[in-house]
Amino acid sequence: MQVPSGYGLHPQSYTAPSGHYSQGPEKMTSLPLDSQCDDYYSGLYRVPTQNVVTPNTASPQPGAQQMYGSVPPAPHVVGSTLGSFQAISHPSPLPPPPSQQYHQQQSLSGYSTFAWSASGLPSTQDNLIQNHTSLATANNPTNPVADTLSCSVMQNVQPPKSSPVVSAVLSGASSTRTPAASRPVEPLASVARPSELLQQKGMQYGEYVNNQASSAPTPLSSTSDDEEEEEEDEEAGVDSSSTTSSASPMPNSYDALEGGSYPDMLSSSASSPAPDPAPAPAPAPAAPQPSKMAKPFGYGYPALQPGYQNAAAPLNSGVPPGSPAYSGFQQYAQQYPGMNQLSSSLGGLSLQSSSQPESLRPVNLTQERNILPMTPVWAPVPNLNLDLKKLNCSPDSFRCTLTNIPQTQALLNKAKLPLGLLLHPFRDLTQLPVITSNTIVRCRSCRTYINPFVSFIDQRRWKCNLCYRVNDVPEEFMYNPLTRSYGEPHKRPEVQNSTVEFIASSDYMLRPPQPAVYLFVLDVSHNAVEAGYLTILCQSLLENLDKLPGDSRTRIGFMTFDSTIHFYNLQEGLSQPQMLIVSDIDDVFLPTPDSLLVNLYESKELIKDLLNALPNMFTNTRETHSALGPALQAAFKLMSPTGGRVSVFQTQLPSLGAGLLQSREDPNQRSSTKVVQHLGPATDFYKKLALDCSGQQTAVDLFLLSSQYSDLASLACMSKYSAGCIYYYPSFHYTHNPSQAEKLQKDLKRYLTRKIGFEAVMRIRCTKGLSMHTFHGNFFVRSTDLLSLANINPDAGFAVQLSIEESLTDTSLVCFQTALLYTSSKGERRIRVHTLCLPVVSALADVYAGADVQASICLLANMAVDRSISSSLSDARDALVNAVVDSLSAYGSTVSNLQHSGLIAPSSLKLFPLYVLALLKQKAFRTGTSTRLDDRVYAMCQIKCQPLVHLMKMIHPNLYRIDRLTDEGAIHVNDRVVPQPPLQKLSAEKLTRDGAFLMDCGSVFYIWIGKSCDSNFIEDVLGYPNFASIPQKMTHLPELDTLSSERARSFITWLRDNRPLNPILHVVKDESPAKTEFFQHLIEDRTEAAFSYYEFLLHIQQQICK
């Protein structure tokens, strides 16, 4: 295998934290490493002693925390009780299920006293929220684990005698044996041990606890340690732009590569400064920083109305108040109109000064029965002037839970609403400005990319909208390539679009851009062969082989495993593929490292031969064991030199070698209303391996096709911490469950052909005064605000919680910017930048008016998943209920002057109780209803990584009546007429025996057919003469040449478009056994274990009145 330039044997370039650390103010204490995986590491890893860096910690002293984290959460104290959010003053024990309440309706006592946290109590070590306030030290001199590991060096010389490598030709009955292969003379170098993260009690989904340790992996860096001091110079402020320069040093840290945030200020876009890979250089004299308390420049948009202008210069702006720049500020006001001009409409930012907006209209929830609108709920539009509205980022990419940002944390605490961002940074876009330029203009201080919301002081200077620093405009930026004009920097595409993509220069590369590399690791045990997934996978690969994203360098490889591991030599020149079997799973090695990952185009015929042979190769196997852990160790070794994507297909519990698991599910507890156990992993093996993979730019995607419990809570860690994806197909069988087989086939088509980004990092920046303290999604936290994404795909969503550290009284707007630096499948280094602008308000009513209820519920769902794992499911449920009680109570006591007896909410929050009830009845959080443990865990995984638009359908499905579709109000999509039936509320009272209803649950569609449904509809759409002739298991609508059929199929096709997962369609007959699952989604109705919507409202009202 010819290794491309820059991809040799990787150096020992990153160090491992020496254990887990408890986090306290100004200190870090080493905790003993759990020894469960010593066997996994002892023979494989060496801990290097170089490159040890100790970052400065800046952990704020915890005070009394307010709801949703007014300050970064409290540090860990061993043995403390749970706490991550402020306690709510009212008690709220969970009420008994309605089945026990028929005579207790007047005595509902509410939910337990747990809110999002206990006030004033330090968090447990499980708690995610605190984990971004201090960083672990890498060079613990007394670490016994490091000492032990440094002694156990892998001997890559000869394979042990008990590890034969059997070579078999994959053809017919041929079984020629060859002598045991010897290991290569120059094996892969030992990989540095990754972050040694202790398996914690109740390990949680977002448990990026010390992922952000100071010695985060520096993957495959080709730079020396001496260059570290220079790299920050380049990124921190020597120049206001990043230019291609042969003299610029090659950085060896992604943190420096994308550019740190606020290097000289404590108030940053994160709760603590990012650790510098090397001592920070002295600030350049030509680029002084504004002081912490400096007044902002007033956002410097020309033609600001007097109330928003700041006449005084910032203290350290670098421009003397008496200089011509200040007179020039007004002089250029008319010269730069457009996006940099805030019209007088900003004067209406205080919504109370004008007529009351619709979003503040009081709604009596207990009296208004039809609360659900008939049309989809759209994201609220921020209250900005028209020019800024046009320029703002699409809510599909970037969305905030509050479209009016409170001036202070105290105001946010009064509102009792969560503050955070929902991101979908890599989504498919039909229009995306792509900018190729030698100069990428960025702020010299905070490294913000120039965007539509900066202000130009004159032609030669612009002011950052995040840190208010004044920067010079580079000469090249004066030329506009679109208009071919000079001297109009404010008309450049970067300043006219809030979402742009830059083609990055070599300054943004740690190494030459990697090729697209795909490795498929396939379970071929008896269980897997019986399920029949291999036929579907191999057929999908054959159909889409030429559509895999990549270029002429694309590489591909295959491994299979049962109780042994099988490699496949596909080297160009062989007449047929060659199988190499390694039976020693305790010390896995690569038999022929140079021929296992091959060029897709050079070896295409061999690859096709293998895919045609694979489904039948193991037909008669009797192997029931699964050595998944050793197979993953081998995959890691194989992928480490380049990075890429590993796709793992697994059908059962791993039963051999490292990472083996035992069944933990008690089927008798599936309907429990008490404690739900085993939501966290049983071992930290898969997490450690994922961190290794992330350090070498490798993501692991898991396809779990299981007919029995497989401990997804443990297996999912391989994807969560390596920025991978998780696909789950319960009860999969290619003949017994054809709908799942079809779903796998369609999901694979999307998975194999969608765009992909490699070796990515993402940083989120925000206006000075705001800070981020918790991230949600599948990633590795490299530093306090830098997310490492070995792969990025267009279906991945992320969330982040925010707090207000400093008052925002000096500015009228705040901005958020996310920058995603990645390598495209074509080998281009690119940066996708999204910028969101929101107004700042000082009145509590305005905060409620700008609430985005869907973004809020999605953020709360992410927080509840973490709470379920770090504490308990019941605590998470209580906290969700208390979120509604607190916000509506605060609104009623401070904003609403109405003395109604009912439950009053502002129109912006009228759906809040409904959505929370839907969340409580969702598989992730429901109790009292039979729920398989793997199903529950998968639902939690989906909540943590789904973009908002898809997550909302999962939380609150959409119900439509489809037996009366018309063209009235229809939309036209690609020469197709798509009907738009009104939404129905999720209640059986909306179902009629003479109708047909479609429920869109995101990953599944149900069509419910009433017993007295019109036979014409049944015949025209379903193709059967009457209700009785409809089969029990119908999963397709036939293509019939009727108007009703065309309308129904057009509507369903439109709903299916742009879904990350292909929804299964189930036709459900009234009174059939299959209707149970359908009726479970009617969340407004009462069940034996849960309230109806009206009962839930009464319960909320009762809690508020206490």
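The model is predicted. A search of the whole structure finds 33 salt bridges. Helices α18 and α21 cross with a left-handed sense.

**Helix pair α18 and α21**

- Helix α18 spans residues 853-870, and helix α21 spans residues 933-945.
- Their axes come within 9 Å. They cross at roughly 135°.
- That angle makes α18 oblique to α21.
- The crossing of the two helices is left-handed.
- On the α18 side, the contact residues are Ala861, Asn862, Val865, Asp866 and Ser868. On the α21 side, they are Met940, Ile943 and Lys944.
- Sorted by class, this contact has four nonpolar, two polar and two charged residues.

**Salt bridge Arg492 to Glu494**

- Arg492 pairs with Glu494 in a salt bridge. Their closest N and O atoms are 2.9 Å apart.
- Both partners are buried: Arg492 is, and Glu494 is too.

**Salt bridge Lys604 to Asp546**

- The side chains of Lys604 and Asp546 form a salt bridge, at 2.3 Å from N to O.
- Lys604 lies in helix α11 (residues 604-617), while Asp546 sits in the loop between α10 (533-544) and β20 (555-561), so the pair ties together parts 58 residues apart in sequence.
- Lys604 has 16% relative accessibility, so it counts as buried.
- Asp546 is exposed, with a relative accessible area of 51%.

**Salt bridge Asp967 to Arg1047**

- Asp967 and Arg1047 form a salt bridge. The closest N and O atoms are 3.2 Å apart.
- Asp967 belongs to the loop between β35 (958-961) and β36 (971-973), and Arg1047 to helix α24 (residues 1043-1056), so this pair ties together parts 80 residues apart in sequence.
- Asp967 is partly exposed, at a relative accessible area of 40%.
- Arg1047 counts as buried, at 18% relative accessibility.

**Thr564 in its loop**

- Thr564 is placed in the loop between β20 and β21 (565-569).
- Thr564 counts as buried, because its relative accessibility is 17% and the cut-off for buried is under 20%.
- Thr564 and Ala627 are 63 residues apart along the chain. Their C-alpha atoms are separated by 6.8 Å.
- Leaving aside residues up to four places away in sequence, Thr564 touches Ile581, Val582, Ser583 and Ile585.

- Arg447 lies in the loop between β12 (439-441) and β13 (455-458).
- At 1% relative accessibility, Arg447 counts as buried.
- The loop between β25 (698-706) and α14 (712-715) holds Asp711.
- Asp711 is buried, with a relative accessible area of 0%.

Conventions. Residues numbered from 1 in each chain as written. Predicted model: local features only at pLDDT ≥ 70, side-chain atom pairs only at ≥ 80, totals over all residues. Heavy atoms only, no water. Axes fitted to C-alpha atoms, helices over the stretch in contact; angles between N-to-C directions. Helix = DSSP H or I, 4+ residues; strand = E, 2+ residues; numbered from the N terminus. Parallel < 35°, antiparallel > 145°, perpendicular 65-115°, else oblique. Left-handed = near helix turned anticlockwise from the far one by under 90°. Contact = heavy atoms within 4.5 Å. Nonpolar A, V, L, I, M, F, W, Y, C, P; charged D, E, K, R; others polar. Salt bridge = Lys/Arg side-chain N within 4 Å of Asp/Glu carboxyl O. Buried < 20%, exposed > 50% of the residue type's maximum accessible area, 1.4 Å probe, protein only.
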